[in-house]
Amino acid sequence: MAHDAHDPLKHPEVRLVNGRAYVAAFVAATVLMTAALGIAMHPGMIPHAMVGLSAVAALAVTIQILFLLQLDFSSTQIWTTVSFLLAFPLFVIAVGLSLWMFHSLDARTMLTALMH
Amino acid sequence: MVNVQGPWSPILGRLSLGAIPDNPIIAGAFIFSVVLGIVVLGYLTYADRWGYLWREWLTTVDHKKIGVMYIIIGLVMLFRGFVDALMMRTQQVLADGPHSPGFLGAAHGYLVPYHFDQVYSAHGTIMILFAATPILVGLMNVVVPLQIGARDMAFPYLNALGLWLTAVGAALIMLSLFLGDFSHAGWVGLTPLTELAYSPGVGTDYWMWAIQISSVGTTLGAANLIATIVKMRAPGMTWGRLPIFTWTALSTNIIALTSFPVLGVALGLLGLDRYFGTHFFTAGFGGNLMLYSDLFWMWGHPEVYFVILPAFGMMSEIIPTFSEKPLFGYVTMVAASFAIAGVSWSVWLHHFFTMGASPRVNTFFSVATMVVGIPTGVKVFNWAFTVYRGRSRFETPMLWAVGALFMLLVGGLTGMMLAMPPVNYSVHNSVFVVAHFHTMLMVVVYGILGAVTYWFPKVFGFRLNESLGKRFFWFFTAGTIMVFIPMYTSGFMGMTRRLDYLANPALLPFEVAEELGIGLYLVSIYYFVRQLYVSLRDRNANRVSADAWGSARTLEWVAPSPVPFYNFAVTPRVHARDELVWRREQGLEGAVPAHFEDIPMPRNTAVPLVIGALALGLGFGLVWRMWWLTDLSFVAIILTVIARSFVRDTDYVVKAAEVERIEKRLRQGAAEAARNGASASGIDVLRPRESSP
Ligand code: HEM
Ligand SMILES: [Cu+2]
């Protein structure tokens with residue numbers, strides 16, 4: 001750390017800052033979230049509401065990754081990108097195994113039926 | 001925003017004089033705290049220590065001091081948690097059978113259910129999140145940068161912020177003792193008990209926000225430690241040479257970084273239920289209370305590995321040092337740590353086998369849980385082979401490390417029993433489970449106490465008293481045996497957990513034994529305090545050189561003891577896995593740098609402390625629903641963070657000549673320092689360091 005580490009503005013991570021990309025990400029996120037809200041409020045609006053919602057979400061995530069977080073495989077960002085990719089298996093485990101459990105849980109416990 | 005029961009005013013929110021509990025025990029605790037507070041404040045004023053406290057501790061960004069403060073917070077909370085334990089044991093020994101007497105308005109024992117429930121909830125929350133976690137984070141803070149040859153953490157300012165956010169959580173819990181009440185829903189926050197309909201008071205809010213705020217601190221700390229290990233290693237410190245404790249710190253912080261957000265989400269959804277009237281976990285209106293258990297344990301199980309992996313790391317440092325042999329199976333040790341971390345994400349359901357998931361689901365999680373035993377077994381054998389044919393010396397740290405090994409054996413095997421759904425169905429929710437996880441957490445406590453003794457001289461420059469330390473160990477161990485063996489037994493006999501009254505008088509002998517055990521713990525605490533006092537008093541007689549134990553192996557022992565604030569005068573070049581051993585063999589031990597260089601260091605800052613104070617305001621406002629305070633604190637936090645980002649002058653330079661002067665004085669060595677009574681520089685508790693920024 002002895003080099004010029006003490007000037008934060010010289011860090012390559014900090015130099016990635018880009019106002020235009022941030023604004024673009026923000027605008028895109030706002031538009032996509034409004035669209036998602038619209039679909040959720042009026043599911044009849046498009047044929048497969050769930051698929052539509054997922055597509056909008058995926059698009060939003062992609063835009064955030066590219067413009068806001070600026071993840072790529074450059075030497076500056078490689079650790080962050082790899083960490084991000086490694087989070088996917090966890091996501092699959094956490095959500096997947098939960099879905100698997102809940103899939104039969106309602107029928108087995110009959111709790112949700114009682115709770116209305 | 002939901003309406004809450006009882007009075008509310010715009011200024012004070014739900015707070016009123018009625019929030020002050022009237023109970024003789026709490027009044028006693030209050031008087032104790034006030035007297036202690038007056039003594040401390042009086043001493044600070046009398047000895048003119050305020051400036052010192054401010055400059056050297058409150059505004060510091062030095063990883064060692066931050067670590068020490070984490071550990072102090074943890075030890076204070078450990079004591080508070082211990083008092084809770086003492087109270088629970090005493091209640092259960094008094095309230096056995098229909099003829100047991102009642103005191104202080106209780107039908108049996110001396111605690112009414114309302115209080116007993118708060119005591120066990122506070123005990124669990126405190127011990128896991130505000131004692132074990134901060135002490136471990138503190139130790140990683142102190143040791144990791146030293147072990148990898150760094151000057152500080154990657155983000156010193158963020159590090160201080162993590163500390164103060166943890167302190168806010170602890171402060172909120174302590175406040176709940178004197179203003180309002182605490183949660184009665186267990187440390188896990190049983191749903192739907194935590195919902196507003198069943199817990200209309202502020203107790204659950206205290207619990208929820210204390211955890212929420214401090215876990216932000218822990219998450220930031222995890223990111224910081226990972227970045228430090230990845231980016232700040234000295235030249236030559238390749239992955240294959242990384243000391244094992246640092247490896248476990250890496251694996252454990254990966255767990256923290258990925259699991260704490262799940263807790264944040266679970267508590268956040270609960271917060272939405274309690275503040276905005278949503279129905280995520282309510283019993284009705286489409287709420288799903290089982291989802292809470294799922295989310296909680298998705299964090300909860302990784303969290304138990306978060307606390308045990310660093311303890312494994314500590315054992316892996318202590319055992320080779322006192323066996324005077326390299327660690328057996330370095331590579332398998334690293335692999336086992338990551339295997340444990342990896343598997344720890346797919347076992348959480350074993351905490352609710354009885355909830356009613358299908359046999360297939362239970363079987364999957366049962367097998368996954370048992371798989372954890374494989375890497376754990378690898379570790380146990382590695383430690384055993386390290387001791388085998390070594391020159392073992394049973395100094396205090398080694399006693400703790402070997403004690404931890406025995407705890408791991410018992411805790412691990414009972415864990416295996418619990419991992420089988422058929423067994424689990426019969427003992428789930430019994431004190432057998434409580435005994436299991438306490439034995440496991442004892443691994444952590446033993447590891448911590450060993451590590452504190454082991455690294456203490458590195459930070460403070462003198463060793464802790466051996467004979468008092470040994471007494472502490474033996475009384476503590478006797479206490480552990482006396483408390484937990486009867487607890488396993490009564491669990492098998494069907495005693496469920498969290499009971500304020502035991503209907504079955506046959507359990508009385510076990511309760512008496514446990515009460516005796518907690519008495520032994522009390523004696524051990526006396527020896528611990530006395531050990532600290534005597535060691536501090538006689539510190540000049542116990543000064544140590546760089547290698548405090550004479551047989552230490554890793555890089556941190558190359559730096560002088562106590563470590564100066566810049567750690568290494570010149571960034572070390574690493575040649576071997578056990579760097580100090582390598583240097584000893586090459587005759588380089590005690591070699592001094594030929595010339596010194598300027599060292600850039602981060603400057604002290606009060607900003608983290610300010611953000612901490614504002615976060616306390618935020619938490620307090622949320623608990624009592626004082627919206628003006630919440631809004632004000634929240635906006636102020638954001639403005640402070642923004643304002644801080646404009647501060648450019650965050651570093652200063654220690655001149656080469658100054659470094660040389662400090663190093664020369666440190667090298668005069670322990671013996672000489674003792675002779676002329678001067679205490680060396682570094683972070684000596686009693687003397688301010690001489691070159692304040
Ligand atoms: C070999 C490794 C382990 C196995 C197989 C294991 C297994 C289990 C199982 C099956 C339970 C659920 C019992 C029940 O509620 O019915 C449990 C509970 C628990 N275990 Fe472990 N465990 C292991 C290691 C650990 C470690 C390392 C820790 C912490 C340091 C730990 C702490 C806990 C805690 C805190 C609980 C219960 C919390 C509660 O319900 O309040 N366990 N363990
Ligand atoms: Cu578990």
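Okay, a definition to start: when I say donors, I mean N, O and S atoms within 2.8 Å of the metal, or 3.2 Å for Na, K and Ca, and since water is not among the atoms, sites may look incomplete. Keep in mind too that this is a predicted model.

So, let's go to the metals. The iron atom of ligand 1 and the copper ion, which is ligand 2, are separated by 4.4 Å. What does the protein itself give to the iron? Just a single donor: NE2 of B:His436, 2.2 Å away. If you want to find B:His436 on the screen, look in helix H14 of chain B, which covers residues 431-460.

Let's stay with B:His436 for a second, as there's another contact to point out. An N or O atom in the side chain of B:His436 is 2.8 Å from a nitrogen atom of ligand 1.

Now, who else is around ligand 1? There are 21 residues around the ligand, and the ones that come nearest are B:Trp187, B:Asn424, B:His428, B:His436 and B:Arg497. Two of those have side chains I'd like you to look at. The side chain of B:His428 has an N or O atom 2.6 Å from an oxygen atom of ligand 1. For B:Trp187, the side chain puts an N or O atom 2.9 Å from an oxygen atom of the ligand.

What kinds of residues make up this shell? By class, we get 13 nonpolar, 7 polar and 1 charged. As for where they sit, three helices of chain B each supply at least two residues: H8 (289-323), H12 (396-418) and our friend H14.

Next stop, another helix of chain B: H5, residues 156-178. With its 23 residues, H5 reaches 34 Å from first C-alpha to last, close to the 33 Å expected at 1.5 Å a residue. Why do we call H5(B) largely enclosed by the rest of the structure? Because 17 of its 23 residues are buried. After H5(B) comes B:Gly180, and its phi is positive, near 85°.

Notes: Residues numbered from 1 in each chain as written. Chains lettered and ligands numbered in written order. Predicted model: local features only at pLDDT ≥ 70, side-chain atom pairs only at ≥ 80, totals over all residues. Heavy atoms only, no water. Helix = DSSP H or I, 4+ residues; strand = E, 2+ residues; numbered from the N terminus. Expected span 1.5 Å × (residues − 1). Buried < 20%, exposed > 50% of the residue type's maximum accessible area, 1.4 Å probe, protein only. Near = heavy atom within 4 Å. Polar contact = N/O pair within 3.5 Å; in protein donor to acceptor, adjacent residues only side chain to side chain. Nonpolar A, V, L, I, M, F, W, Y, C, P; charged D, E, K, R; others polar.
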